[in-house]
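Colleague: I am new to this structure and would like to learn how to read it. Could you walk me through it, one feature at a time?

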Amino acid sequence: MKKILIVEDEEILAQMYKERLEKEGFEVFLASNSKKGLKLAREEKPDLILLDILLPDEDGISFLKELRKESSISEILVVALSNYDDPKSKKDAFSLGVKEYLIKTDYTPKQVVERVKKYLEN
Amino acid sequence: MITFSLIEIGLFSIFLSNWFLGFFVYFKERKNILNQIFLGITLTTGFWLGGLLIVLKLGSSFSLFGGRLAFAGASLIPLFFLLFSFEFPKPQKKSLLFSFFLFFLSLIGISFFFISLFSPLIVTSRVKKVVPYGITAKFGKLYPLFGLYFLIFISWGIFNLFKKIRIIKTEIEKRQIEFFLIGAGLSLILGSLPNLILPLFFNILGYSQLGPFAIIFFIVFTALAITRYHLLGIEVILTEILVGLIGLLLIIQIFSAPTVLWKVINGSIFVLFCIFGYLLIRATYREIKRREELERISKAKSEFISITSHQLRTPLSAIKGYLSMIAEGIYGEIPERLKKPLKNVYLSNERLIKLVNDLLDISRIEAGKMEMKFERTNLEELINEVISELEVEAEKKGLYLKFEKPKEKLPQILIDKEKIRQVILNIVDNAIKYTKEGGATIRLKRVKNSLQIAVSDTGIGMTKEEIAKLFESFSRGAGGRKSWVEGAGLGLYISKKLIDLHQGKIWAESEGRGKGSTFYIELPIK
């Protein structure tokens, strides 16, 4: 079973994506901030991370920087999933190797799942 | 009777305005170390100017003292300049070690001050005037060292400031340093001409009194930089300098007038000029204040919209997500009678999402922050993409969607593909939305130096009044009334702005209600 880690501080949204992904047979882990996210990434070695960008304390960009530094988890696929539509954050996220930067309101959970599957197939 | 030459009057007025500015800046913010150092600079420059005046006016018995005073005053200028460069633009917190270091530097400068003033080691004797405007003296043993000290401290200060330009973040601090450097630069260049370059390279000594005039640039620009006086509104300063200069010339006119009558006439002109000058400066000042205020409001508005948009999107994503999952049947099968209402809720939510996206776009466009990514694009392909995206929509309504391709081969043009795609999508989407039967036809052709896209529909059409308001944002309605075309939202306003960013044109034509409309987009071939 493929593992997905969702780093998302909005409880309702995190639950929503979790529910939809589990429906497709993924094992899903939730982290409400960057620190917990990194801890779970180390412990569970997920196949893909769905990453919110505006997070309490440290944001998604610093999460990515930390992630890329640690060799055991640096290769994990990351898809940014945020409502923060900021050109600079987008640029930073792509330069830190995210596969895509999705705006939450533009995609239904089903469409998000389709993207996730697409990246896991390749 | 003692008469004063023009040069002497000039030196004396610089002497006075220099000290006046020094105290003025100091009393504006007495606790600020920058203001204190500035007072130091002006005081010490005053000693220099005072010394020169003594040599010029009081005759040979005072000339040695005058000469030494001039050098003593000058000797502190590099020290204060360097201290200033360490503290500028914001006073720094200092470690104990660094404080000692500054104290040591100060000791060097102060030593030179006392050595110049009380010993023959720098100015030995024979201070005298040289025609037409110079002073010369016999120099002592420490004179070369004095020159070296001068050079090192000044260059060090300039180096510090250039280093700071790079790490500075705010616009106003950047302006401060620029002002300071411009002032210092002008003074150094203009001042070193009569005092250094002419005597050293051409052996011309007769103009050294002109040097002090150059210092006025440094003093004035630095005063402006410290007090942050209209730093972002250079027009006020320029107006003031101009008014000040003309005023000065008029005063000289009064004194140099041959008869009392002329003095009175010149005096009256001066008074009149002062009144108008004051009015002019005040008007300029108000204009700038107004402009600053407008910019501030516009920026605050844009920021507010950006943050609010992000906040709004969170609940919108939850509504969209859960509704779509309900519609998928994840929570059990939905009764047939609920399908339509659910769909309506979903579509309304989509409309809200679209509105938030539009608001965000507008705030970016109006703040000038829309980032453009220009690339060579085949417009025909782009239109095909839009059509395949909207085909389903048109089919559902039973409408045709035709694309009349160009007969000739068209060049690729330099555009931001995503933005133009957004515009075409918006126009074609509107055509479908406002057409009940028939359909929409898209044409692409070359018109002179542009490519023209025309989207014609057989829809509801528009009146002349509606066309006139079509591309306006709804915040701009006349008299505050709502004046947008029902349901059109902000899409066309954004489209217009995006086309503007491409130096293109967008407009609409219609024969009237019920007669369909045609929208045109023209993009320059680049």
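Modeller: Gladly! Let us begin with an idea: a nonpolar core is a set of buried Ala, Val, Leu, Ile, Met, Phe, Trp, Tyr and Cys residues joined through C-beta atoms within 7 Å. Please keep in mind that this is a predicted model.

Colleague: Which residues have the most contacts inside the largest nonpolar core?

Modeller: They are Phe38(B), Phe80(B) and Ala223(B), in a core of 51 residues. Seven helices of chain B each give two or more residues to this core: helix 1 (6–28), helix 2 (33–57), helix 3 (60–87), helix 4 (96–118), helix 5 (143–167), helix 6 (171–202) and helix 7 (211–227). Helix 3 of chain B contributes the most, 14 residues. To see one member up close, take Phe80(B): beyond its neighbours within four places in sequence, Phe80(B) touches Ile37(B), Gly40(B), Ile41(B) and Thr44(B). There is also a second, separate core of 34 residues, with Ile6(A), Leu51(A), Ile53(A) and Val112(A) among them.

Colleague: How do helix 3 and helix 4 of chain B pack, and at what angle?

Modeller: Their axes are 7 Å apart and meet at an angle of about 170°. Angles over 145 degrees count as roughly antiparallel, so helix 3 and helix 4 of chain B are roughly antiparallel to each other. Among the residues making the contact are Phe71(B), Ala72(B) and Leu79(B) from helix 3 of chain B, and Leu105(B), Gly109(B) and Phe112(B) from helix 4 of chain B.

Colleague: Let us turn to chain A. In what order do its elements run?

Modeller: From the N terminus on, the order is β-α-β-α-β-α-β-α-β-α, with five helices and five strands in chain A. Of the 122 residues in chain A, 39% are buried. For contacts in chain A between residues at least 6 apart in sequence, 61% link residues at least 24 apart.

Colleague: Why do the buried residues of helix 3 of chain A line one face of the helix?

Modeller: First, the list: in helix 3 (residues 60–69) of chain A, the buried residues are Gly60(A), Ile61(A), Phe63(A), Leu64(A) and Leu67(A). Looking down the axis of helix 3 of chain A, these buried residues fall within an arc of 155°, so they line one face. They pack against strand 1 (3–7), helix 2 (34–44), strand 3 (48–51), strand 4 (77–82) and helix 4 (87–95) of chain A. On the face turned away from that buried side sit the exposed residues Lys65(A) and Lys69(A).

Colleague: And what about a residue such as Glu350(B): why does Glu350(B) count as partly exposed?

Modeller: Glu350(B) has 15 C-beta neighbours inside 10 Å, so it counts as partly exposed. Glu350(B) belongs to helix 10 (residues 336–366) of chain B.

Colleague: How many residues of chain A are in contact with chain B?

Modeller: 15 residues of chain A are in contact with 16 residues of chain B. On the chain A side, helix 1 (11–23) and helix 5 (109–121) each give two or more residues, and helix 1 of chain A gives the most, with five residues. The predictor assigns the complex an ipTM of 0.94 and a pTM of 0.55.

Colleague: Where in chain B does pLDDT stay under 50?

Modeller: Where pLDDT is low, the predicted coordinates should not be read in detail. In chain B, pLDDT stays under 50 over residues 475–486. As for chain B overall, its mean pLDDT is 82, and 91% of its residues reach 70 or more.

How values were computed: Residues are numbered from 1 along each chain as its sequence is written. Chains are lettered from A and ligands numbered from 1 in the order in which they are written. This is a predicted model: local features need pLDDT of at least 70, side-chain atom pairs count only at pLDDT 80 or more; totals for chains, interfaces and linings use all residues. pLDDT is the predictor's confidence in each residue, from 0 to 100. Two residues are in contact if their C-beta atoms, placed from the backbone, lie within 7 Å. Helices (H or I, at least four residues) and strands (E, at least two) are DSSP runs, numbered from the N terminus. A residue is buried if 20 or more other C-beta atoms lie within 10 Å of its own, exposed if 12 or fewer, and partly exposed in between; C-beta atoms are placed from the backbone. The arc is that of the directions from the helix axis to the C-beta atoms. Axes are lines fitted to C-alpha atoms, for helices over the stretch in contact, and angles run from 0 to 180 degrees between N-to-C directions. Angles under 35 degrees count as roughly parallel, over 145 as roughly antiparallel, 65 to 115 as roughly perpendicular and the rest as oblique.
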